Amino acid sequence: MVPSRPWNLGATPSLRALWRVGRARERELGMARPAPAPASPAARPFPHTGPGRLRTGRGRDTLVGVDEDSSTRVAARPGLAQCRALSVEWADPGSPRKLYLTVQVENLKEKLISQTQEVSRLQSELGGTDLEKHRDLLMVENERLKQELRRCEAELQELRTQPPAAPCLGCEHVQESTQLRDKVSQLQLEVAENKGMLSELNLEVQQKTDRLAEVELRLKDCLAEKAQEEERLSRRLRNSHETIASLRAQSPPVKYVIKTVEVDSSKTKQALNESQARNQHLQEQVAMQRQVLKEMEQQLESSNQLTSQLRSQISMYEAELERAHGQMLEEMQSMEEDKNRAIEEAFARAQVEMKAVHENLAGVRTNLLTLQPALRTLTSDYNGLKRQVRSFPLLLQEALQSVKAEIGQAIEEVNTNNQELLRKYRRELQLRKKCHNELVRLKGNIRVIARVRPITKEDGEGPEAANVVTFDPDDDAIIYLLHKGKPVSFELDKVFSPLASQQDVFQEVQALITSCIDGFNVCIFAYGQTGAGKTYTMEGTLENPGINQQALQLLFSEVQEKASDWEYTITVSVTEIYNEVLRDLLGTEPQEKLEIRLCPDGSGQLYVPGLTEFRVQSVDDINKVFEFGHNNRTTEFTNMNEHSSRSHALLIVTVRGRDCSTGLRTTGKLNLVDLAGSERVGKSGAEGSRLREAQHINKSLSALGDVIAALRSRQGHVPFRNSKLTYLLQDSLSGDSKTLMVVQVSPVEKNSSETLYSLRFAERVRSVELGPGSRRTELGSWSSQEHLELEPACQIPQPTARAHSAPGSGTSSRPGSIRRKLQSSA
Ligand code: ADP
Ligand code: MG
């Protein structure tokens, strides 16, 4: 702790200088020893010449006698005249005696002041200004040293915690140790400096203590002097009293003098009292000064204690420093050892590596020797390549030019070839169409096939369910029916036994379907009594799809195949004709009646306004469309099975194509018709709606027969308008159109009459194929009544087609028979 400073030390000069000044001043003021009264007033110095100080020559002269000791005073006691003069002098307010006393008091005051100043000066000197400064400095220095020490310790700690010296990389430790060494030596230097400073300070403290003792001595002298002065003054006062008493006893003049003296004496008494009071005050001040001095001594004591504490701290720091230094040295030693070890290891490793490198070098040298010839060849190769590279752009340009010319030529050739191919393709297309037409002409535009369904559970058992249909194993166009115990044979274009699959049947019709892609209109009818298998053949089941679905699938695949040259769109419509009313089964209002109209463009084409067409692109689409149509049909009629057998169901597929290269457009229509049941109800006495249904069905089927007959006999007028069915299918039945009729046959005995009727109808349709003249003569007219009135059970006609077969060729295949028919007709 820094002791508080009781006085201002700011402007204190150096201790020695102050000491010197102090001594000079003491000498000046005559303070060195108890000063005897000066020999002459002139010899008394008056260093302090403040205002109000009396320095008259007279005063000084008078004071000479007064200042002398008592013996001198007795000798110099004035006579009466002198006394008178003296009393006059004393009666005067400015009498020399009074002046003398005043001056004495003033002097004493001055002395006291100067003493006080001196004491405070000394106090300020001793007050440890420099000491405190030094102490502060030392404390600061100590603090710094402490910090330094802490830092050193921390570094040492760090060094200790560091892993054992790795191979001495960059010699960091060496640098660190040198730095630490430098620091230690610096710290030692600082400690030595501090020691020197401390000893100096000690010296100064010693000196100051001496001076303090001196000052104390002088203060004692001063006090003794003052006591003497007081005594002297009181003695003189007593003398004065005695003189006054002796003078009172004298004569009146003397009394007068006495009175004067008394008056004077009272004044003197007053002055004396004042002096005593002042003296009292001075004594108090001296006591105070003593107190201050005591405090100063105490401070000095504490300063000394502090110094000793600082000394002990310094010695402690030194010890700590010593210890740290020792530790550091140890650390450095261990680091040095680690370093040396690492260096040795590194050296050993380096030696091993060096050896390996030498060995490698030897290997490389030998390699180099062997590689040199290779290098030479490589260099020559490289040079050759360089030459080639240099000449490459030229060669490349030449090659490019020739290639360009070749490519141009090739492109020209390809273009000409393409033109040629295109021409050939078109010619082939025409040829194909011609051939197709010819083939169809040879096969017949209208073909009739029969399909016999297998016997099912629904047919029941017993003689009624007995099979009455047999086939010719050598001719797939012949079918035999056992009707009422008699066999009847029929020849059609093809007969499918119950064993034939859906695919087998489709095989037969697929040529027609593909012709649709080429722009032909095609009609496929399923004809036969209810339950004979019409719907099975046309729609089929989920597992065994019929002609409808297979046809669309075939169309998709064909279209896909031609996709590089042709663009096709396939749309479908599903309609129904019931009681001569046409309905759109894909429309939003299936109960609505549709009308068939002529195109207003005058082309003679027919169209059905409001008929819905769905574009289909996949089997999924077809299934959705069929399902939609089927649902519409179901919601419309409660007894679906009955209804479906009383109405014609039509699936109309339109294939529109565009030849990408020629821009040629084609439109083909495929009409797949599941006809109403052909069973006759006329004789059974049906009435009401059932009779009306029967009449409508009979009418439409007869109309179909009429149209086909007219077409085959190439009559000028074809009665398409006789029924909705033929009118709707007019486009698809006339011209280049192709028609296939699948006559469905039930094989059981109970249906043999209807089977006979269906087969006769089929045979008649087919027989029309022969030239118009012959056909007309042979068949006569095909009246609508015939369909109803024909009585199959009464007559077993000779199969017409068979009649036209070549003689003795009952087992011959159908195309052959057609050719022969053509030859014979010719
Ligand atoms: P239609 O439509 O002529 O009234 P269906 O097609 O409904 O006759 O056929 C009647 C029944 O005979 C159906 O149960 C059907 O599955 C079955 N059927 C028809 N033809 C065949 C066939 N070729 N193979 C197997 N079952 C058939
Ligand atoms: Mg059916």
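Predicted model: local features only at pLDDT ≥ 70, side-chain atom pairs only at ≥ 80, totals over all residues.
Ala 532 is buried, with a relative accessible area of 0%. Ala 532 is found in the loop between strand S6 and helix H10. Leaving aside residues up to four places away in sequence, Ala 532 touches Arg 453, Gln 744, Val 745 and Ser 746. Its backbone also faces the ligand: a polar backbone atom of Ala 532 is 3.3 Å from an oxygen atom of ligand 1.

Is Thr 530 buried or partly exposed? Thr 530 is partly exposed, because its relative accessible area is 35%, and a residue counts as buried under 20% and as exposed over 50%. Apart from neighbours within four places in sequence, Thr 530 is in contact with Ser 645, Gly 677 and Glu 679. With Glu 679 there is a polar contact between the two side chains, at 2.5 Å.

Both residues belong to an annotated stretch. In an unreviewed entry, UniProt places the feature "binding site" at Gly 528, Gln 529, Thr 530, Gly 531, Ala 532, Gly 533, Lys 534 and Thr 535. In the model, the residues that surround ligand 1 include Gln 529, Thr 530, Gly 531, Ala 532, Gly 533, Lys 534 and Thr 535. Arg 451, Arg 453, Pro 454 and Tyr 536 are also among the residues around ligand 1. A backbone N or O atom of Lys 534 lies 2.9 Å from an oxygen atom of the ligand. From Arg 451, a polar side-chain atom lies 3.5 Å from a nitrogen atom of ligand 1.

Arg 451 leads on to the strands. Strands of a sheet pair through backbone hydrogen bonds, either parallel or antiparallel. Strand S1 (residues 446-452) pairs with strand S15 in the parallel sense over 7 bridges, and Arg 451 stands opposite Gln 744 in S15. Strand S6 is likewise joined to S15, by 6 bridges, and these two strands run parallel. One position in this pairing is Cys 523, whose bridge partner in S15 is Thr 739.

Why is strand S15 described as largely enclosed by the rest of the structure? The reason is that 8 of the 8 residues of S15 (residues 738-745) are buried. In a regular strand the side chains alternate between the two faces of the sheet. In S15, Lys 738, Leu 740, Val 742 and Gln 744 point one way, while Thr 739, Met 741, Val 743 and Val 745 point the other way, and all are buried.

A separate part of the chain holds an open sheet of 3 strands, in the order S2-S3-S4 and with antiparallel pairing. Strand S2 (469-472) and strand S4 (486-491) stand at its edges, and each has a single partner strand, so one side of each is left without a neighbour in the sheet. On average, neighbouring strands of this sheet are turned by 30° against each other, direction ignored. Strands S2 and S3 (residues 475-483) run antiparallel and are joined by 4 bridges. Phe 471 has Ile 479 in S3 as its bridge partner.

The remaining topic is a further annotation. According to UniProt (unreviewed entry), the feature "coiled-coil region" covers residues 105-162, 198-345 and 400-431. Over residues 400-431 the chain is 100% helix and 0% strand, with end C-alpha atoms 44 Å apart.

Notes: Residues numbered from 1 in each chain as written. Chains lettered and ligands numbered in written order. Heavy atoms only, no water. Pairing = 2+ DSSP bridges. Axes fitted to C-alpha atoms, helices over the stretch in contact; angles between N-to-C directions. UniProt positions renumbered as here; feature names shortened; annotations may be inferred. Buried < 20%, exposed > 50% of the residue type's maximum accessible area, 1.4 Å probe, protein only. Contact = heavy atoms within 4.5 Å. Polar contact = N/O pair within 3.5 Å; in protein donor to acceptor, adjacent residues only side chain to side chain. Near = heavy atom within 4 Å.
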